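The chain and its model are shown first.

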Amino acid sequence: MQKNKVYIETYGCQMNMADTELVQGILLKQGYELTENSNEAAVVLLNTCSIREKAEERIYGRLGNFKNVKQSNSNLVVGILGCMAERLRKDLIEEKKIVDLVVGPDEYRKLPELIDVAFNGGKGIGVQLSKTETYDDLIPYREDGLQAWISVMRGCDKFCTFCVVPFTRGRERSRSLNSIVEEIKHLSERGFREVTLLGQNVNSYSDNEYDFADLLAACAEVDPYLRIRFTTSHPKDLSDKLLYTIYGHQNICNYIHLPFQSGSNKILEAMNRTYTIEHYLELINKAKKIIPNVSFSTDIIAGFPTETKEDHQMTLDVLRKVRYDGAYMFKYSPREGTKAYKMNDDVSEEIKVKRLQEIIDLQHQISLEKNNEQIDTEEIILIEGYSRKSNDNLAGRTDGNKVVIIPFDEKIKTGSYVKVKINRATSGTLFGEFIDFYDVKSNLAVTV
Ligand code: 5AD
Ligand code: SF4
């Protein structure tokens with residue numbers, strides 16, 4: 001064990017992945033080294049997620065492992081970062097006495113001094129939420145690669161009744177457009193090919209007179225070979241201007257993650273989602289008209305309090321109508337401190353499981369049908385490297401975020417755009433063959 005080695009595990013959403021990079025940037029600046037081997041670390045940090053009970057249970061399990069390690073190595077500093085730090089600070093430090101360090105999402109600047117407190121035998125605690133902290137001036141640590149996350153805003157003011165995020169991540173605040181664009185310029189110079197702009201509700205982004213559509217346009221103009229993605233959009237705030245901005249820039253991906261949560265207006269109201277399903281479907285139709293070939297993904301919760309069989313059918317109907325390319329599907333999990341926690345969790349576990357399975361099965365079938373429709377069509381993909389399963393294949397991604405596998409060919413380099421023909425499909429993956437290189441800037445095939 002070396003005193004300056006830090007090991008970090010990250011759980012939960014992409015915001016947490018981006019926060020881990022931020023934390024790594026802060027610690028490297030202070031002279032710490034990163035390690036991927038927890039056995040040689042002096043500091044073990046878990047960047048945690050509270051969104052559902054299962055996520056927290058998993059992390060408690062992992063903490064149990066480190067508690068054992070601590071028995072033979074009492075100098076090891078174990079810390080909790082992120083949403084669980086905010087939600088369970090007392091439990092973690094005072095009652096369960098498992099950790100030495102509890103640091104919430106808005107206090108990462110203090111991490112070096114809080115680690116020192118822990119090294120000196122104290123408890124390092126930083127759990128204040130901030131109305132202004134955006135870490136705008138800090139540079140996250142990123143290994144070289146193709147794809148990067150950039151947090152453009154933090155927190156959420158929506159207060160969906162099921163969700164802990166407004167409590168664990170605090171109020172909405174945005175980074176400055178200029179610093180985001182500067183960060184993207186650096187990434188482009190380092191050879192990155194894709195950036196995903198992150199926020200709990202990116203459509204509320206605001207920097208003086210600039211809104212999210214302005215930010216997207218400014219990011220897209222940095223480098224035509226750099227793809228821009230973004231997540232998450234809230235159906236209440238998705239503007240026409242944003243849709244036209246996506247349409248107007250070839251390198252802003254035609255892909256919108258638009259959670260609907262439930263197909264029933266009664267449930268949407270109980271969730272405080274602030275839109276009706278009719279509004280949602282109109283928005284989808286409008287986006288399909290403005291952006292040809294637009295793809296959608298979504299989030300769905302099964303078994304929210306008072307959900308009936310009919311409400312559940314309405315959710316399945318939305319899946320059939322929209323035909324999403326992908327969906328993140330969850331069983332409702334009551335979270336202490338939220339408004340829904342006070343509602344009677346009256347859908348039994350058995351029914352939640354059954355409804356969730358029906359949603360998953362239907363979406364699976366739709367994904368397969370949609371992917372089969374792609375057979376014999378041509379797609380432009382960005383080559384990401386070898387496929388996960390074999391070095392005989394390369395993997396790339398379409399603008400619509402679908403993975404395409406093609407046979408390895410040494411003339412095709414990671415980071416190049418190629419035109420492929422799709423030959424085969426499963427519900428999760430397309431398989432194709434190389435046709436040509438492709439210059440996305442001039443939208444032309446380049447014959448080699
Ligand atoms: N139970 C189940 N799913 C939840 N989500 C958020 N809170 C809960 C909860 N208490 C889901 C929502 C959200 C996604 C990030 O996680 O679908 O869009
Ligand atoms: Fe949670 Fe709703 Fe905010 Fe998303 S929009 S983070 S679901 S409160």
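## Nonpolar cores

A nonpolar core is taken here as a set of buried Ala, Val, Leu, Ile, Met, Phe, Trp, Tyr and Cys residues joined through side-chain atoms within 4.5 Å, where buried means under 20% relative accessible area, exposed over 50% and partly exposed in between, computed with a 1.4 Å probe on protein chains only. The model is predicted, so that local features need pLDDT of at least 70 and side-chain atom pairs count only at pLDDT 80 or more, while totals for chains, interfaces and linings use all residues. Side-chain values use heavy atoms, with hydrogens and water left out, residues are numbered from 1 along each chain as its sequence is written, and chains are lettered from A and ligands numbered from 1 in the order in which they are written.

The largest nonpolar core holds 55 residues, of which Val-152, Leu-197, Phe-212 and Ile-256 touch the most other members. Its largest share, seven residues, is supplied by helix 10 (residues 277-290); helices (H or I, at least four residues) and strands (E, at least two) are DSSP runs numbered from the N terminus. A second, separate core of 22 residues includes Ala-41, Leu-63, Ile-93 and Val-102.

Contact means heavy atoms within 4.5 Å. Apart from neighbours within four places in sequence, Phe-212 is in contact with Val-152, Leu-197, Val-202, Asn-203, Tyr-205, Phe-230 and Leu-242.

## The shell around ligand 2

With a residue counted as near a molecule if one of its heavy atoms lies within 4 Å of it, ligand 2 is surrounded by residues including Cys-156, Cys-160, Cys-163, His-234 and Arg-273.

## Asn-254

Asn-254 lies in the loop between helix 8 (240-248) and strand 14 (255-257), and it counts as buried because its relative accessibility is 18%. Not counting residues up to four places away in sequence, Asn-254 touches Ile-246, Ile-291, Pro-292, Asn-293, Val-294, Ser-295 and Asp-399.

## Strand pairing

Two strands pair if DSSP finds at least two bridges between them. Strand 18 (residues 393-398) and strand 19 (residues 403-407) pair in the antiparallel sense over five bridges, and Gly-396 stands opposite Val-404 in strand 19. The hairpin of strand 18 and strand 19 has four residues between the strands, and in this hairpin Asn-401 takes a positive phi near 75 degrees.

Strand 19 is also joined by three bridges to strand 21 (residues 429-439), the two running parallel, and Val-403 has Thr-429 as its bridge partner in strand 21.
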